[in-house]
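Please read the report below alongside the sequence and the coordinates. It takes up the domains, then a sheet, then a helix contact, and finally the surroundings of the ligand.

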Amino acid sequence: MDILKGLPETTILWDPSDLEPYLRDESHLRGVLPLAVVKPRGPAALRELVRRAKLEGFGLVPRGAGTGKAGGCLPTERTVVVDLSVWPGEPRVSPQDLSLWAPASAPLREVKALAAAQGFFYPPDPNSWESCALGGTLATNAGGPNACKYGMTRHWVLSVDALLEDGDIHTFGISSVKANAGPAMGQLFIGSEGIFGLILGATLRLTPAPREYTTLLLPVKHWEDLLDLPGRLCAEGYLPSAFEFFDPAVLAELRAHGPEEARRLPGEALAILEFDERGCTSEVFLEGLLDLLGPVAEGLQVASDERQRQGIWAVRRMTSVFLKEHHPRKVSEDIVVPRSRLREFFAGVESRRIPAVTYGHLGDGNLHVNLLAAGETDPAQLEVQLLGLFKLALELGGTLSGEHGIGLAKRDAFLALGDPAHIQALRAIKRALDPQNIFNPGKVI
Ligand SMILES: Cc1cc2nc3c(=O)[nH]c(=O)nc-3n(C[C@H](O)[C@H](O)[C@H](O)COP(=O)(O)OP(=O)(O)OC[C@H]3O[C@@H](n4cnc5c(N)ncnc54)[C@H](O)[C@@H]3O)c2cc1C
């Protein structure tokens, strides 16, 4: 491949059989064959890659671990995939600064474990945390069950090392939560899905690790009873660190075909609640919570030890993979509505006859709405169903994506339904930062 010949500090793949795995992520989409895949190992590689991309007119598609659900890391026409899995750097904690620096290639599980080993907590916890890379979580602004209390990845980033179109790596931000010298440039890269540049490392914010957890299984007889609970708990000062749920259809699938632990799950529908503040294991705390929950708490089960707690979370974490195994052509969305509008959302899904099953992050209104029969549905009808879903979320003051991002999968819907001023502003920033459109072309905007 002439255009990449002699690239320093790089492994290059161009054999079609080596490129094949790069045509997929965890969305339902498939990319086109890229010109090549490169694995850079140093700044000289990136500088030269950017120079040649601008000269030869090809795009650069960043890729972390490929667990994304929006097709963001899939190659489009005339692109080179930049696989950052061997990008160098040793993660390190600064206890005094309550911070941790790590390269984009660091597996998220190692970042979280390194923080934990020193008594700290890095809260972002996408359910793919055992397989995704830090860079991917930064580029998608990943969230997870803990976002309910701790917010998204962007709330835990102090500074970002980013490759810009000048071919150099620049650091935006400092190792302190206080930094107000102009708008926060580093934040522009968080959730940018690789369209403004490549993220090569970041300094993350840490907090002292929680010392106690109360983890509850809340089965209910009437699943709509769950829908007002997140708002009620918050209004009364009980902020769960996670509030997840399975609707009756998802719970029935798990019970019928899931692993052993899932077969014993109780209720018509089920919520998992977790609290992690100091005192949350006390009787006073639990009594207050039970009072607040009222009759809905009839079947409440409390995890009695860490093994039980991990068992509950294992079932939750495998739900996405399990549903995909059983419905390989399903489409999974991740819309959000404010938690005060959850009841209206489900009423809207029913009245619009959207054939959806749902689970996910009820505590912050981020719902994994799955169309299990998408593969067998007429494409035009599927589009109507998806647009109906997105419009409903928007009408209720929500949005199309709470955590997976726009990528390729939701680009058309985002451009059709998104706020025109927002899209125009994003395009203006893109033109300013990447005038030749080399970074992840054809994605998001
Ligand atoms: C079972 C399962 C559960 C999941 N649960 C959640 C969840 O709870 N919450 C959630 O938010 N997501 C979830 N996801 C989606 C996904 O895991 C996350 O979005 C994750 O953050 C992606 O990381 P990755 O390294 O795999 O990124 P990739 O899939 O490789 O890339 C994702 C996007 O980021 C860009 N990108 C990657 N690395 C960089 C970089 N260094 N610089 C610039 N751009 C880059 C890519 O171009 C692409 O647009 C889940 C996925 C699976 C398969």
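## Domains and basis of the model

The chain is divided into domain 1 (2-86), domain 2 (92-208) and domain 3 (214-395), with bounds that come from an automatic or database domain assignment. The centres of domain 1 and domain 3, taken over C-alpha atoms, are separated by 37 Å.

This is a predicted model, in which local features need pLDDT of at least 70 and side-chain atom pairs count only at pLDDT 80 or more, while totals for chains, interfaces and linings use all residues. Residues are numbered from 1 along each chain as its sequence is written.

## An open antiparallel sheet

Five strands form an open sheet in the order S5-S6-S10-S8-S9, with antiparallel pairing; helices (H or I, at least four residues) and strands (E, at least two) are DSSP runs numbered from the N terminus, and two strands pair if DSSP finds at least two bridges between them. Strand S5 (92-94) and strand S9 (169-173) stand at the edges with a single partner strand each, so one side of each is left without a neighbour in the sheet. From one strand to the next, the twist averages 20°.

Strand S8 (residues 157-163) pairs with S9 in the antiparallel sense over five bridges, and Leu163 has Ile169 in S9 as its bridge partner. Helix H3 (residues 108-117) lies across S5 and strand S6 (99-103), running at about 150° to S6.

## The contact of H8 with H11

Helix H8 (residues 248-257) and helix H11 (residues 306-326) pack at an angle of about 75°, with their axes 11 Å apart; axes are lines fitted to C-alpha atoms, for helices over the stretch in contact, and angles run from 0 to 180 degrees between N-to-C directions. H8 is therefore roughly perpendicular to H11, a term that covers angles of 65 to 115 degrees.

Val250, Glu253, Leu254 and His257 of H8 meet Thr319, Phe322, Leu323 and His326 of H11, where contact requires C-beta atoms, placed from the backbone, to lie within 7 Å. The residues of this contact divide into four nonpolar, three polar and one charged (Ala, Val, Leu, Ile, Met, Phe, Trp, Tyr, Cys and Pro count as nonpolar, Asp, Glu, Lys and Arg as charged, and the others, Gly among them, as polar).

## The shell around the ligand

Of the 38 residues around the ligand, Gly64, Gly68, Gly72, Gly135 and Gly136 come nearest, a residue being counted as near if its C-beta atom, placed from the backbone, lies within 6 Å. The elements that give two or more residues to this shell are strand S3 (59-63), helix H4 (134-139), strand S10 (198-205) and H11, and H4 gives the most, with four residues.

By class, the shell has 14 nonpolar, 18 polar and six charged residues. Domain 1 and domain 2 each supply at least three residues to the shell.

Note on methods. Parallel < 35°, antiparallel > 145°, perpendicular 65-115°, else oblique. Contact = placed C-beta atoms within 7 Å.
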